[in-house]
Amino acid sequence: GEEDRSAAQLRTRATAIASALERRANSSSAYLRAGSALLATLDEVNASRFRRFVSELRLDAASRGSEGIGWAMVVYPSEIEAFDALMESEGQPGVRLYPRPDGSQPYAVPVTFLHPDSQRNRRALGFDMYSEPERRAAMIEAERTLRPSASGRVVLRQEGDGGHPGFLIYMPVLEATPRGSRLKGFIYSPFSAAAFLESALETENPEGYRVVLFDRP
């Protein structure tokens, strides 16, 4: 009987925690959907416009376990130098697209803007997320479904030389063309896995249980 009660309590706590995690993820996805709809209407996404958009969201990134919200534009091979010049003009001297494309992918998707503008987040600027398989798979899935899509386990660029696990959620931004629509870029949020879990558990006390996140089929 004691074992049955313990198992029932564990199932109840696990269900509550899973629901809390899902609510956090859905909240982030709602922000990204709103951002995608807005950015799709802009002819050009510059730093001031993106900063204003993020401020109008009144986004409390910390409460969601997120590092913030970012914009990553699609950059074709012929536009690489223009991207470097854009970053220079937007007050980010020395930021260049990296790693430099080697011709194996149709385009790059570098981190263009990321707010809040912190020293930690600046580490990610210019990084071509499309060059990394886990991130690329999530972007391809998001573009295919036109819905927010989470990556698998990655180490965020914000971590520097650290190895703490994280993940990202991407939402594609499309622009209308005479022939239909074209991928303009991605609005996204990067997450530290530990911070995401802690933020979700603020309202769901695990009551002595240890909580671990698994990423597997």
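Me: Leaving aside neighbours within four places in sequence, which residues is Tyr170 in contact with?
Reply: This is a predicted model. Sequence neighbours within four places are set aside for this list. What remains for Tyr170 is Met129, Arg135, Ala138, Met139, Ala142, Arg147, Pro148, Ser149, Phe186, Ile187 and Tyr188.

Me: How many residues does the largest nonpolar core have, and which have the most contacts inside it?
Reply: The largest nonpolar core has 28 residues. At least two residues of this core come from each of H3 (80-89), S2 (111-115), H5 (133-145), S5 (165-177) and S6 (180-192). Those with the most contacts inside the core are Met129, Tyr170 and Tyr188.

Me: How many residues are in the other core, which lies apart from it?
Reply: Among the members of this other core are Leu32, Phe167, Met171 and Phe191. Its residue count is 24.

Me: Where is Pro116 found?
Reply: His115 and Pro116 are joined by a cis peptide bond, with omega about 10°. As for location, Pro116 belongs to the loop between S2 and helix H4 (119-122).

Me: Is Leu146 buried, partly exposed or exposed?
Reply: Leu146 lies in the loop between H5 and strand S3 (149-150). Its phi is positive, near 60°, in a residue other than glycine. The relative accessibility of Leu146 is 45%, so Leu146 counts as partly exposed.

Definitions and conventions
Residues numbered from 1 in each chain as written. Predicted model: local features only at pLDDT ≥ 70, side-chain atom pairs only at ≥ 80, totals over all residues. Heavy atoms only, no water. Core = buried A, V, L, I, M, F, W, Y, C linked by side-chain atoms within 4.5 Å. Buried < 20%, exposed > 50% of the residue type's maximum accessible area, 1.4 Å probe, protein only. Helix = DSSP H or I, 4+ residues; strand = E, 2+ residues; numbered from the N terminus. Contact = heavy atoms within 4.5 Å.
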